Amino acid sequence: MSFIQRYKTMDKTERANYRKEFFINNSLYMFLIAAVVVIQFISPHFLSGPSIVNIISLSAANLPIALGIAGAIILTGTDLSAGRIVGLVACVSASLLQATGYPNKMFPDMPTLPLVLVFVIALAIGALVGLINGFCTAKFNLHPFIVTLSTQLIVYGALLMYLMIGNNNGQSISGLDSSYTGFITGSFLSLGRTPIPNYVWYALIITVIMWFIWNKTAFGKNMFAVGSNPDAANVSGVNVKRVITLVFVLAGIMYGITGFIEAARIGSNSAATGLNYELDAIAACVIGGVSFVGGIGKIRGVIMGVVLLRLIFVGLTFLSIDANMQYIIKGLIILVACAIDMRKYLVRK
Amino acid sequence: MSDKILLEMESICKDFPGVRALDNVSLKIREGTVHALMGENGAGKSTLMKCLFGIYTKDSGKIILDGKEVSFKNPKDALEHGVAMVHQELNQALKRNVMDNIWLGRYPKTFGFVTSERQMYKDTKKIFDELGISADPKMIMSKMSVAQRQMVEIAKAVSYNARIIVLDEPTSSLTEQEVGHLFRIIDMLRERGCGIIYISHKMEEILKISDDITVMRDGTHVTTEPASSFTMDKIIKLMVGRELTNRFPEKTNKPGEVILEVEGLSSKYNQVEDVSFKVRRGEILGFAGLAGAGRTEVIENLFGISSRSGGSIKLHGKEVKNRNAAEAIKNGFALLTEERRSTGIFGILNICENTTISSLKKYKRGKLVLSDKLRRKDTEWAIKSMRIKTPSQRTQIRTLSGGNQQKVILGRWLLTEPEVLMLDEPTRGIDVGAKFEIYQLIVELASKGKAIIMVSGELPELLGVCDRICVMSGGKLVGEVDASRTSQEEIMALAAQNV
């Protein structure tokens, strides 16, 4: 029965109830549309080519990290080390791919390394920290909050030490090789007259791969099962420890990709790169309906959450709202979004 | 016993979207009586109780307590008016001790704000002594047995001077002795003039303990009569609305050659010690024993989810290790666990995910991809052959009734094509009609050549379904009997050996 037919069979109070539920459950989208209309009305440049491309590319830059963290949240965990891993990977990638003639080169005698090699190194660093996170969570039965809090500090320490290597002395790393920046921020397609950077396409490819992993592989099914009920998963023959470890390794790889993209995207990388990225990613996930209840989440939810969050950030700037006030608004939006989301899992009485 | 009506629920109606859950149901509880409330799952017993306790708001009807009309806002409100409920699944603060649980929310205070541990201890001890409960008020709840925790809950009701006490399936996880103790407490409460509403599926018990019996069916009140005018067959007939000639299906399975040999099985962290037995193809082997005798632990050990310290398992004469569940499944074992909610279902996932989780490898197309089509097909098969009542495959399993959830999990295990199917309390918390269907499935599976090991605390069910019964006591196997030639008494005598 289609939902229009079903609506027709309802009586008055049922319809009122249905409308109310519909309104509350879709309030995020309605809010989104309302916000776009209002912002557009106040500031007509909001829905112009450059602004739209800006929102899309900011979303794309944040998508891989959010997709990684979403896995941890589905396991009722979290990952606080994500931002620092992005920072470490970004600095390492940047230092290995500085232009040969650049005066402040970190490794002055190093030739231009092939992009693929550095990409693989980036993934390897992410995967390694992810492996540590996953291994400790699974093996020692620790909550990922504790594990990733520790690795966050460890990774940050490693990053600070790395920045002291060679001639660098703790400065930020810039002067990147043009092949690198071209690969990431170059463009072959434009919206209107604004070029769409390449990393938008990379994010798209990664999203498709992640969708595939979540929905079409045994690993994905097992991840949702472990998130929903780890004891039942164990009895059902799922290797729970392996699944937990792999989810974090996969997340680490996602942070590696984010770091590799981020380094070229922002051009100048310091110890502050990646700071608090995990918080935006977690916020995006929960706004998009990836629930801390465990076992619940969809790729399209993560995309929605990331885009929505960016749209709000950009929109607030467009409205020239005070930067301090922006934090308060963001906080409230996250709170309200989660409260609405939680309604779905409450047992109705 | 008197004819004074303590609690009256009059023409209660409750609608849920699309269903009338309660249709003009009335219930009168006399002072100093045990009033059994019977009906299949879904008959409306719990809904009626939830209306009483204000968990649901009734659409119409009246509730009269002691001559005054009442309408409780929530269970706490009801409790303060002397109406208490002891739930089937106990909701207690397990990490706190006994007296904390009893006085939670109304700690006795000195100087108006300091909680008085001494007062709590004294008061708790007093109630325990009255009821003949031997537990220490300072014991942590999680260290107590289910039976003791239930006693605590009853003590809590008594501490509120409750006049109406609802017991929901109180004996589903108690041993015979513990049931005896519970019944003595119920008798005491009855003498004090309490009205007890007793919800249970166990006919023998109901006939033994209750004064009045009310039978419900499909949200309606069928009859209320003194217990003496009922027989088991009459209750069943009224409950299901049709004649159930047999509580157990005809046994069609024929045991063949031995396929599983277990020698000297022992556990590292629980009491299982030196357990040896054999199971034949097409045989249903029962495991009887008191709670805590190690029945569940034996099959968990066999399945590799509890640590083994010794022993060998041979399937078709070949040694298998079963170091973990995954390995056991690969070797052709399956285990339906006792605790459906905590180790069985994935509540928020749908039927299809719940059914196929243990056999995902079967659906691989190539190295990675799973075929949704094959998964849906197998789920459809499970729904059909297990006769699962569900709107669709995409329904969340938590919304199904207990019996249907059990069938989904049974379906999950059959899809792994096991040779040895182990069932731990397969009919716990399931109504009469669904129980029969589960028995039928078990016998059918045995007829198809599966070796079945069934653990149960209900002796009639073991005697009705099994071919042989192993009796456990204190972690050891103390005897093995032929199900067609033994009696409940013989099994109980064996089971009480090492206590």
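Residues are numbered from 1 along each chain as its sequence is written, while chains are lettered from A and ligands numbered from 1 in the order in which they are written. Since the model is predicted, local features need pLDDT of at least 70 and side-chain atom pairs count only at pLDDT 80 or more, whereas totals for chains, interfaces and linings use all residues.

**View 1. Chain A holds 15 helices and two strands.**
Helices (H or I, at least four residues) and strands (E, at least two) are DSSP runs, numbered from the N terminus. Chain A has a radius of gyration of 22 Å, close to the 20 Å that the globule rule gives for 349 residues, so it is as compact as a globular protein of that length. The radius is taken over C-alpha atoms, and the rule is 2.2 Å times the number of residues to the power 0.38. The C-alpha trace of chain A spans about 80 × 60 × 35 Å along its principal axes. Buried residues are 44% of the 349 in this chain; a residue is buried if 20 or more other C-beta atoms lie within 10 Å of its own, exposed if 12 or fewer, and partly exposed in between, with C-beta atoms placed from the backbone. Among the contacts in chain A with a separation of 6 or more, 77% join residues 24 or more positions apart. Two residues are in contact if their C-beta atoms, placed from the backbone, lie within 7 Å.

**View 2. Helices α3 and α14 of chain A pack together.**
Look for α3 (residues 27-42) and α14 (residues 299-318), whose axes are 11 Å apart at an angle of about 25°. Axes are lines fitted to C-alpha atoms, for helices over the stretch in contact, and angles run from 0 to 180 degrees between N-to-C directions. From α3(A), the contact is made by L32(A), A35(A) and I39(A), and from α14(A) by L308(A), L311(A), G315(A) and F318(A). By class, these residues are six nonpolar, one polar and no charged. Ala, Val, Leu, Ile, Met, Phe, Trp, Tyr, Cys and Pro count as nonpolar, Asp, Glu, Lys and Arg as charged, and the others, Gly among them, as polar.

**View 3. Helices α13 and α15 of chain A cross at roughly 35°.**
Here the axes of α13 (residues 277-287) and α15 (residues 323-343) come within 9 Å. The crossing of α13(A) and α15(A) is left-handed, meaning that the near helix is turned anticlockwise from the far one by less than a right angle (clockwise would be right-handed). On α13(A), A283(A), V286(A) and I287(A) meet I334(A), A337(A), C338(A) and D341(A) of α15(A). The contact of α13(A) with α15(A) has six nonpolar residues, no polar ones and one charged.

**View 4. K407(B) is a buried lysine in helix α14 of chain B.**
The helix runs over residues 402-414, and K407(B) has 26 other C-beta atoms within 10 Å. Its C-alpha atom and that of I438(B), 31 residues apart along the chain, are separated by 7.7 Å. Leaving aside neighbours within four places in sequence, K407(B) is in contact with M386(B) and I388(B).

**View 5. Two loop residues of chain B, N161(B) and E169(B), have positive phi values.**
N161(B), in the loop between α5 (146-159) and β9 (164-168), has phi near 55°, although it is a residue other than glycine. It counts as exposed, with 11 C-beta neighbours inside 10 Å. E169(B), in the loop between β9 and α6 (176-191), has phi near 45° and is likewise not glycine. With 17 C-beta neighbours inside 10 Å, E169(B) counts as partly exposed.
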